Amino acid sequence: MTDRSYFLPPRRLLRISGEDRQTFLQGLVSNDVAKATPDRAIWSALLTAQGKFLHDFFITEHDGAYLLDAEAARIDDLKRRLSLYRMRARAAIEAVEGWAVAIAWGEDTLKALDLPDEAGTAKPFGGGVAFADPRLAGAGARLYLPDAAALEAAGFTPGDPADYDRLRISLGLPDGSRDMQVEKAILLENGFDELHGVDWKKGCYVGQELTARTKYRGLIKKRLLPVGIAGPLPEPGAIIEADGREAGEMRSAVDGPDFSVGLALLRLEALESGAALTIGETVLTPLMPDWVALPEKKSA
């Protein structure tokens, strides 16, 4: 039996419509909105003027409007912040009612949805839209649907969100404000460059100056990375130590049948030292996904 699962995460949709919808969003978010089309989805973020994280979201185009998939608990804040910038732009911002965001993963997920094995590819599906995760195709698919009937007809069954969390975390993918501190996190510490969440050629957007300076001056001192966990599961925000010195902070984590995994914001100097990473009795082992590009060690 094919092992393909789905669940409905705590996410909601915003619809951005109107003839100025592209230029309106283009001046605000970190990615190139022109790349979000009916056959392509992107991952992007809204930042403070100082370049700190506020919201991340996925964007695709459907029926002549942009659909933004964001955290349900913070959707009103995202709508409010976007509305502050709308001014005279001919664009409407509204919550989408009656539709759900779904995440699908497992054996041959993209093939079952008739999607190419390429991050971000999208197509109409079940009266809505389906797309390969634009960060990594190996993370499965996201769907915006009026109901889950089409997913179940394609061979997907309701799954345990913890199973998806294990996949997401092992790949090093952040999950919004669970893993990135609002008004503190920096995009490049959290993989937005390698995971296609920033476009370096699109021009100005809110927080662009600091983001560009961070990249071109090599100012990254920390990275969000997956870690294997031996011992009690740490709480989010727990301080990680190496040789008695602060080495980072814990983010989301999940128990596993064989071993536990989590995401941790780690100081690069602690990684370079090779010292054991601990939180009390718990030992953390950094896991290095293929997509992660760390700065080269400086020669002595």
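Modeller: Two strands pair if DSSP finds at least two bridges between them. Strands (E, at least two residues) and helices (H or I, at least four) are DSSP runs, numbered from the N terminus. This is a predicted model: local features need pLDDT of at least 70, side-chain atom pairs count only at pLDDT 80 or more, and totals for chains, interfaces and linings use all residues. Residues are numbered from 1 along each chain as its sequence is written, and side-chain values use heavy atoms, with hydrogens and water left out.

Biologist: What is the order of the strands in the open sheet of 6 strands?

Modeller: The pairing in this sheet is mixed. Strand 8 and strand 11 (157-158) are its edge strands, each pairing on one side only. Written out, the order is 8-9-10-7-1-11.

Biologist: How many bridges join strand 7 to strand 10?

Modeller: Strand 7 covers residues 100-106, and the two strands run antiparallel. A104 stands opposite A141 in strand 10. The number of bridges joining strand 7 to strand 10 is 5.

Biologist: Which residue of strand 10 is the bridge partner of V129?

Modeller: Strand 9 and strand 10 (residues 141-145) run antiparallel, joined by 4 bridges. For V129, the partner in strand 10 is Y144.

Biologist: Which residue in strand 9 is the bridge partner of F125?

Modeller: Strand 8 (residues 122-125) also pairs with strand 9, in the antiparallel sense and over 4 bridges. F125 has as its partner in strand 9 G128.

Biologist: Which residue takes a positive phi in the hairpin of strand 8 and strand 9?

Modeller: This hairpin has 2 residues between the strands. The positive phi is near 55°. The residue that takes it is G126.

Biologist: Why is strand 9 largely enclosed by the rest of the structure?

Modeller: Buried means under 20% relative accessible area, exposed over 50%, and partly exposed in between (1.4 Å probe, protein chains only). Strand 9 spans residues 128-132. It is largely enclosed because the count of its buried residues is 5 of the 5.

Biologist: How many residues does the largest nonpolar core have?

Modeller: A nonpolar core is a set of buried Ala, Val, Leu, Ile, Met, Phe, Trp, Tyr and Cys residues joined through side-chain atoms within 4.5 Å. In the largest one, Y144, I240, M250, L277 and L284 have the most contacts inside it, and its residue count is 41. Strands that each supply at least two residues of this core include strand 9, strand 12 (222-230) and strand 14 (245-254). Apart from it lies another core, with L28, I59, A91 and I93 among its 22 residues, while the largest core has 41.

Biologist: Which residues does Y144 touch, not counting residues up to four places away in sequence?

Modeller: Contact means heavy atoms within 4.5 Å. Y144 also belongs to the largest nonpolar core. With residues up to four places away left out, it touches L13, F58, T60, L67, D69, W99, A100, V101, G128, V129 and F131.

Biologist: Is I75 buried or exposed?

Modeller: I75 lies in helix 2 (residues 75-86). Leaving aside neighbours within four places in sequence, I75 is in contact with R12, L13, L14 and A70. Its relative accessible area is 2%, so I75 is buried.

Biologist: What separates the C-alpha atoms of I75 and R11?

Modeller: Along the chain, I75 and R11 are 64 residues apart.
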